[in-house]
Amino acid sequence: TKMATPDPRSAISSERLRLLLIAGRDSSGGAGVDADLEVVREAGASAAIVVTAETRQGPRGLEALGAREPGSWMAEALAALEEVVDAIKIGLLPGAEHVLEAAEIVRRARAAEPAIPVVVDPVLGPTLGGRFLEQDGIEALREVLLPTGCVLTPNLDEAAERTGRDPGALLEHHEERIAAARILLEWGAGG
């Protein structure tokens, strides 16, 4: 017998959780918005999808970023916010202007619902090489997006780059990871 999927919202509610996913599309389908959507569906939730970039990746890493105009995907995100959105997940932001638009989306969402959870996966580049976000984008992330109180989910390399820590030390020493996390919290990341 197949068991019923538990309601991700609560034991009493029969409504499905609805997320707004803002991320890039990975040409392999193994990361980005496609992977996020797979997780959302597995959890029994639904999602509105906004694609920030159509990346093309190959055996040597990033071949083409394919960034969309920030105003174009921003309009889609704002339209999605007109519906009920219970949480926001932000991934690939391919430039400083994209980071600024993402911060504006968070501000608008929180104006309507102050407690809306926002998770930011600060993707710097693909595993095999290349860059999605350059230094001006990283600075915008630190100065504009992090202070919105979003939960930040960097991998160790991303945490090292953002905090000036040694990636090897973060990998080897628990206290180094805690120190890096404290820096990110001081910059405004939610806990």
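The model is a predicted one, in which local features need pLDDT of at least 70 and side-chain atom pairs count only at pLDDT 80 or more, whereas totals for chains, interfaces and linings use all residues. Residues are numbered from 1 along each chain as its sequence is written, and side-chain values use heavy atoms, with hydrogens and water left out.

The protein chain contains 7 helices and 7 strands, where helices (H or I, at least four residues) and strands (E, at least two) are DSSP runs numbered from the N terminus. Along the sequence these elements follow the pattern β-α-β-β-β-α-β-α-β-α-β-α-α-α. Of the 191 residues in the protein chain, 40% are buried, a term that means under 20% relative accessible area, with exposed meaning over 50% and partly exposed lying in between (1.4 Å probe, protein chains only). The protein chain exposes about 10,200 Å², of which carbon and sulfur atoms supply 53%; accessible areas come from the Shrake-Rupley method with a 1.4 Å probe, and for residues only the protein chains shown count as cover. Among contacts (heavy atoms within 4.5 Å) between residues at least 6 apart in sequence, 67% join residues at least 24 apart.

The sheet comes next. An open sheet is formed by 5 strands in the order β2-β1-β5-β6-β7, with parallel pairing; two strands pair if DSSP finds at least two bridges between them. The edge strands are β2 (46–54) and β7 (151–152), each of which pairs on one side only. Strand β1 is joined to β2 by 7 bridges, the two running parallel, and Leu20 has Ala48 as its bridge partner in β2. β1 also pairs with β5 in the parallel sense, over 4 bridges, and here the bridge partner of Ile22 in β5 is Ile90. β1 is mostly covered, with 6 of its 8 residues buried.

A further pair of strands is antiparallel: β3 (residues 56–58) and β4 (residues 61–64) pair in that sense over 3 bridges. A hairpin through 2 residues joins β3 to β4, and the bridge partner of Gln57 in β4 is Leu62.

The side chain of Thr52 reaches the backbone oxygen of Leu92 at 2.6 Å and the backbone nitrogen of Gly24 at 3.4 Å. When neighbours within four places in sequence are left aside, the residues in contact with Thr52 include Ile22, Ala23, Gly24, Ala67, Trp73, Leu92, Pro94 and His98.

Turning to the helices, α3 (residues 96–112) lies across β1 (18–25), β2, β5 and β6, and runs at about 175° to β5; axes are lines fitted to C-alpha atoms, for helices over the stretch in contact, and angles run from 0 to 180 degrees between N-to-C directions. In helix α4 (residues 135–145), the residues Gly137, Ile138, Ala140, Leu141 and Leu145 are buried. They cover an arc of only 160° around the axis, which puts them on the same side of α4, the arc being that of the directions from the helix axis to the C-beta atoms. These buried residues of α4 pack against α3, β6 and α5 (156–163).

Helix α5 includes Glu161, which counts as partly exposed at 36% relative accessibility. Glu161 and Ile138 are 23 residues apart in sequence, and their C-alpha atoms are 9.4 Å apart in space.

Leu170 is found in helix α6 (residues 167–172) and is buried, with a relative accessible area of 1%. Its contacts, leaving aside neighbours within four places in sequence, are with Leu156, Ala159, Ala160, Arg165, Glu176, Arg177 and Ala180. The C-alpha atoms of Leu170 and Asp157, which are 13 residues apart along the chain, are separated by 8.5 Å.

Technical notes:
A polar contact is a pair of N or O atoms within 3.5 Å; within protein, one must be able to donate a hydrogen and the other to accept it, and residues adjacent in sequence count only if both atoms are side-chain atoms.
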